[in-house]
Structure formats: structure tokens, C-alpha cells
Amino acid sequence: MSEPFKPFNLQSNVTSHSIVISWEGQSRYPPTKKYLISHRTRTSSSSTIDSLDSSKTSYVITGLSPNTINVIALSAENALGRSQEVTVSLTTKPSGEFKVV
């Protein structure tokens, strides 16, 4: 028995104001109890941390600024500990709104 394997097969869908991230978890005894996900912009030292039930394998981050690098870290946790973090950096798309001067 040991801590859970880290989440794998991360997928993302990025727009100018949101990121949807999804992943797969691996069954192991003892089973994963929850996922921990943190989000921050590359230039920020503080992050938002959320805890998800182990049945959830996707997460939506909204209210983001266009063309900004976002750092997302994900780990799994069970009764024996926490997995290694999986970290990705994703850049939101430009807004697409242009002003003619």
C-alpha cells in the first residue's frame, strides 16, 4: 500500500477567458480520496487551491484574462499520502477583439 499514482493523460481546452482541464486517475488500494488542484498566473505568487472528490476528473477555471500564462498543478490524495504533482503551463488565447485607431 502506498500513496496514489499521479494523475495522467491530462487534456485541456483553452479559450481567452477559461481553461477546462481533464485527467485520468489510476485505481490503487487504498483508493484515491480526492484531487487537489491549484491555479495561478505565471506572474502571481499566490494561487487558488481547490479540492475535488475522486469521482471528478475535470475542472473548469473561468474569469481568466486573455493571452496570459496560467500554471496549474494537480495531485491525487488517499489515506496514505499525496501523489507527485503534475504541473502544466497553459496560455489563454488572445481576446480576438481589435480596436481600429
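Figure 1. Strands are DSSP runs of E with at least two residues, numbered from the N terminus. Two strands pair if DSSP finds at least two bridges between them.

The model is predicted: local features need pLDDT of at least 70, side-chain atom pairs count only at pLDDT 80 or more, and totals for chains, interfaces and linings use all residues. Residues are numbered from 1 along each chain as its sequence is written, and side-chain values use heavy atoms, with hydrogens and water left out.

**Figure 2. Strand 2 meets strand 5.** Strand 2 covers residues 18-24. Five bridges join strand 2 to strand 5 in the antiparallel sense. I19 has I61 of strand 5 as its bridge partner.

**Figure 3. L36 sits in strand 3.** The strand spans residues 34-41. L36 counts as buried because its relative accessible area is 14%, and buried means under 20% (exposed is over 50%, partly exposed in between; 1.4 Å probe, protein chains only). Leaving out residues up to four places away in sequence, L36 touches D50, S51, A73, L74, S75, E77 and R82. Contact here means heavy atoms within 4.5 Å. S51 lies 15 residues from L36 along the chain, yet their C-alpha atoms are separated by 4.7 Å.

**Figure 4. The protein chain has eight strands and zero helices.** A helix would be a DSSP run of H or I with at least four residues. From the N terminus on, the elements run β-β-β-β-β-β-β-β. The C-alpha trace spans about 65 × 25 × 15 Å along its principal axes. Of the 101 residues, 33% count as buried. Among contacts with a separation of 6 or more, 60% come from residues 24 or more positions apart.

**Figure 5. Surface and charge of the protein chain.** The accessible surface comes to about 6500 Å² (Shrake-Rupley method, 1.4 Å probe). Carbon and sulfur atoms hold 48% of that surface. The chain carries 10 positive and 7 negative charges, and their mean positions are 5 Å apart. Lys and Arg count as positive, Asp and Glu as negative; His and the chain ends are not counted. Each charge is placed at NZ of Lys, CZ of Arg, CG of Asp or CD of Glu.
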